[in-house]
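I opened my notebook to keep track of what I looked up today.

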Amino acid sequence: MTNFLRSHSCGDLRQEHIGQKVVLCGWVNKTRDLGNLIFIDLRDKFGITQIILDPVKTEKAYKQAQELKLEWVICIKGQVARRQDPNPNMKTGQIEIVADSIEVLSKAQIAPFQIAEEQCEINEELRLKYRYLDMRKGKILDNLQLRHKAVLEVRKFLDSEQFVEVVTPILGKSTPEGARDYLVPSRIHQGNFYALPQSPQMFKQLLMIGGLDRYFQIALCFRDEDLRAERQPEFSQIDIEMSFATEDVLFPIIEKLMCHTFEKTIGALIQIPFKRMTHAKCMELYGTDKPDLRFGCAFHRLEDLAKKSEFQIFHTILANGGIIKGFCVKNGAKLSRKDIDQYTTFCSQLGAQGLVWLKRNEGKLSSSIAKYIQEQDHDLWFERLGMQEGDCSFIIAGAYKKTNQVLDHLRRKIAKDLNLIPENTYEFLWVTDFPLFTWNEDEKRLESEHHPFTHPHRDDLHLLTQDPLKVRSASYDLVLNGYEIASGSQRIHNGDLQAKIFEILGLTQDEIKEKFGFFVEALTFGTPPHIGIALGLDRITMILSNTENIRDVIAFPKTLKAQDLMMDAPSQVSKMQLDELKLAVLSTAKNEIR
């Protein structure tokens, strides 16, 4: 290897460079040997350039080219020429490089999957095991580039709003509430553990107590929880906190941040202010606290109409305290009986007792329960469900929570199946007034819906001791296209109120002192009212990148089982390391210490 300093990237050269001597480096993407000419597509992050080798002009380089294999890294020196067969689909499609010399910088064995083929189907486990090769295909690199640009714009915007970036500790204290912590044993303080942060929550509140006033951080967070397509055990969030502010101050800043970021990264123009809806109304209309508003199909209550019907199942469910809700699908009457049967099976698998359907054709009602509905009531059902000619409605009856869950899943499935979701549309929604507490049925105790530092809704303070499950919180989520992309709240800044919340959660004075003693003490030294939010950087980038898989926007992600297939992690450690930490591992297979 003599010199691999390139003069241009493989995406730089255009017609104005014709005649110039250049040096390009990259991977062999494709070769074509025509007998008297060899063509090489040379690839790097920036693009592909066609290289041509003529044995008459460069015999040595031509013979070297005959030996090249896919994914070898080479250096090409040559002259830019006009391409004889221009390719309008390539940025460099008007030119080619007539090579003078080739230098092989690195050879490659046969890859486990085709890198040059964009449409090649690859098992995701194989993609994750060879993540560095999957990156070369381009999509992941494009997403990482977009993520970089988004982070850059976030920092620019927040700086312009006088927010200061502060890095908070990774090694902290394990505290209750939320997901399980990832624990780190201490070698120096044997028998004690650090916890990786689920969020910088207490640190950013302490910064407000310290007088920073406006803080942000691109924070790496860790949660040991069950995973799904849009969740990872380690994730990044845009963490924000500010003093002497309320929702009416914070919301416009976050809305402008989203507008700025979306416009600067993908050119999307976002309308503000964002819509707002209470948690209770979200659950009533969409059965979820993160509704996708890009299509209709809001839910309607049908109990009064169901009582007038002769369908006995409705009456039985109502007598047991259940509810009856449904939604209308525009032009859904075209759905076949087979389609409806598949949706019925889908709902049954989710725990529904059944699925009722109604269609409006030529002004008349056809339905799985048509014989139980009097003809004079048909128009009442049409009006309540908002059904026009050619529409179809689906109805679920059962317990409140289960009915909402099933209708939510069915609504989203039908929207996807019938292509009801418009492309390149971004529907933001503030969901407010969440419950302050939720009931843990397994442990028979109250838990915080968000976290124990969330301020109760001021109108509900009198209910804290009387009926805590009816207390709303001064909390909010930001939802985008059916994904929760941010969550935050007004924080408790009064020490007595914070102690009261801990008491309601069932923490003893010793537990409060052990877990939160330093924080409770900090609240006694003059705490400004403060408010904050954390935006999911990975989920936002996922939406910007037009993918439904969060692993597509993270450089080295984990599987749904929280494994790193590339590094084979988590893995066992040596006995020497365990001995240093004074730890022993209990084997789950043989139930023995090793």
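**Ground rules.** I am working with a predicted model, where local features need pLDDT of at least 70 and side-chain atom pairs count only at pLDDT 80 or more, while totals for chains, interfaces and linings use all residues. I number residues from 1 along each chain as its sequence is written, and side-chain values use heavy atoms, with hydrogens and water left out.

**Entry 1: the whole chain.** I found 16 helices and 24 strands; these are DSSP runs numbered from the N terminus, helices being H or I with at least four residues and strands E with at least two. The C-alpha trace spans about 90 × 75 × 60 Å along its principal axes. Of the 594 residues, 47% are buried, meaning under 20% relative accessible area with a 1.4 Å probe, protein chains only. I also looked up contacts (heavy atoms within 4.5 Å): among those with a separation of 6 or more, 67% join residues 24 or more positions apart.

**Entry 2: Lys137.** I found Lys137 in the loop between helix 3 (131–136) and helix 4 (139–160).

Next I checked backbone oxygens. The one of Glu117 lies 2.5 Å from a polar atom of the Lys137 side chain, and the one of Ile115 lies 3.4 Å from a polar atom of that side chain. Leaving aside neighbours within four places in sequence, Lys137 also has contacts that include Phe113, Cys120 and Ile122.

**Entry 3: strand 22.** Why do I call strand 22 (residues 530–536) largely enclosed by the rest of the structure? Because seven of its seven residues are buried. His530, Gly532, Ala534 and Gly536 point one way, Ile531, Ile533 and Leu535 the other. In a regular strand the side chains alternate between the two faces of the sheet.

Then I looked up its partners; strands pair if DSSP finds at least two bridges between them. Strand 10 (residues 234–243) pairs with strand 22 in the antiparallel sense over seven bridges, and Glu241 stands opposite Gly532. Strand 21 (residues 483–490) is also antiparallel to strand 22, over five bridges, with Gly488 opposite Ile533.

Key: Polar contact = N/O pair within 3.5 Å; in protein donor to acceptor, adjacent residues only side chain to side chain. Buried < 20%, exposed > 50% of the residue type's maximum accessible area, 1.4 Å probe, protein only.
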